[in-house]
Amino acid sequence: MYLYLYRMITYIVLFASPIILIIRFLKKKEDINRFKEKFSIISKDRKKGKVIWFHGASVGEITSVIPLIEKLEKRQDIKQILITSSTLSSSKIIKKTKFKKVIHQFYPLDINFITQNFLNHWKPNLAIFIDSEIWPNMLINLKKRSVKSLLLNARITKKTFSRWKLVDNFAKEILSNFEFILVSNNETKKYLNYFGVKKNFSLGNIKYTEAIQKVEKLNYNLIKFLKSKVYWCASSTHPGEEEICLNVHLKLTKDIKNLITIIIPRHTERKPEIINLINEKKLNYHCHSWDKMIKNNTSIYLVDTYGETKKFFKIVENVFLGGSLIKHGGQNPLEPARYGSKIIHGPNVDNFKEIFNTLSKLNISKKVNNQQQMIDFLKKSIGRKPISKRYVRKINKLGKNILLITYKKIEKLI
């Protein structure tokens, strides 16, 4: 009954999709040349041989499996690695990688006939879903074709668990389609046990495996400009958080001269909205995409391009991670931690609760509940020594162990 109801809802979404797409086009959240992929209208060819398929919702999920993909690319028996995601930003991240066997497609709508068309074309030999990507129609159709699927770095929040409990039997039926589930935290394991999922394993959070990669340096003009300044960074910010960071900047400038606040929004298409906020505060700003000299009176540096974050983490000692002062669940703190940054975050970090707990114990991260606490912390922290490299090495060692164990587990299904 629940499956029938779910499928009815998906068809309603299909009928409404033209309106949804128009809104997303206007917000620059869709690629006008590629949106057809979401309806399984595919322009890329499947190569002969074994195809391994990864699906993650967005940037965080996709970047977390890059070390795993690097290992799989070296296998001669794998001819193609298909990566699907749902967001424009994640497709841009994949475009910047140098994988030879990888092809990216947008994930199709979870409508029965659309998922069948997708599988008819790609015929994956193994399907790996990341984090919270549980799509009933796709999983059922994979099972019918005897294609093994697994859920990697599974994360089920308390809110999601409460919803699944309302359709208890349906949840059990859908989760049983996975060959096994690798969980990212103890909370998820507890919820899966409730639903009777026996094959669930705690190997550690796959996000620990993201290694420090060689990244290009920031351009000479920017480096030269920052040398004479004091700076901090607000990364992966969401609506409401940029204004807080701008207020923090204004307060800090009373005590800290030559202060630069670097803002890297989670979604760069929000650039006009953020510039309006900056203008309201009467602050001078420079956009990263501008091909001109940075004026000396600049106080806000707005990163309005994708794939640049790591370059800033390499030089910034204090990073506020967004999605945490609003009810979003936080962003992955491991990347700035690996580059030696001290991390500031708000109270809403349910998506990465256990990771933040670990970093807090290592004195790498600090929770602030409001604007004033952020001001107080940055006053003390800006200009002090970065975190110990010993802690960074500890994080990387843990990541290598998790990667090795995860790879061996997946290898058995290939």
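This briefing walks through the strands, salt bridges and surface patches of the structure above. Please keep in mind that the model is predicted, so to speak of local features a pLDDT of at least 70 is needed, side-chain atom pairs count only at pLDDT 80 or more, and totals for chains, interfaces and linings use all residues. Residues are numbered from 1 along each chain as its sequence is written, and side-chain values use heavy atoms, with hydrogens and water left out.

- Strand S1 covers residues 50-55, and five of its six residues are buried, so the rest of the structure largely encloses it; buried means under 20% relative accessible area, exposed over 50%, and partly exposed in between (1.4 Å probe, protein chains only).
- Helices (H or I, at least four residues) and strands (E, at least two) are DSSP runs, numbered from the N terminus.
- S1 runs parallel to strand S2 (residues 78-85), joined by six bridges; two strands pair if DSSP finds at least two bridges between them.
- Within this pairing, histidine 55 stands opposite threonine 84 of S2.
- S1 also pairs in the parallel sense with strand S4 (residues 126-130), over four bridges, and isoleucine 52 has leucine 126 as its bridge partner there.

**Salt bridges**

- The structure holds 16 salt bridges, each being a side-chain nitrogen of Lys or Arg within 4 Å of a carboxyl oxygen of Asp or Glu.
- One of them joins glutamate 411 and arginine 75, with the closest N and O atoms 3.2 Å apart.
- Glutamate 411 lies in helix H17 and arginine 75 in the loop between helix H3 (66-73) and S2, so this pair ties together parts that are 336 residues apart in sequence.
- Glutamate 411 is partly exposed at 35% relative accessible area, whereas arginine 75 counts as buried at 17%.
- Aspartate 255 and lysine 379 meet in another salt bridge (3.3 Å, N to O).
- Aspartate 255 sits in the loop between helix H11 (241-252) and strand S9 (259-265), and lysine 379 in helix H16 (residues 371-381), 124 residues apart.
- Salt bridges with shared partners join Lys50, Arg75, Asp77 and Glu411 into one network.

**Surface patches**

- Met1, Tyr2, Leu5, Ile9, Val13 and Ile20 make a nonpolar surface patch of about 580 Å².
- Patches consist of residues with over 30% relative accessible area and no salt bridge, with like charges joined within 9 Å and nonpolar side chains (Val, Leu, Ile, Met, Phe, Trp, Tyr) within 5 Å.
- Accessible areas come from the Shrake-Rupley method with a 1.4 Å probe; for residues, only the protein chains shown count as cover.
- Valine 13 belongs to helix H1 (residues 2-26) and is partly exposed, at 37%.
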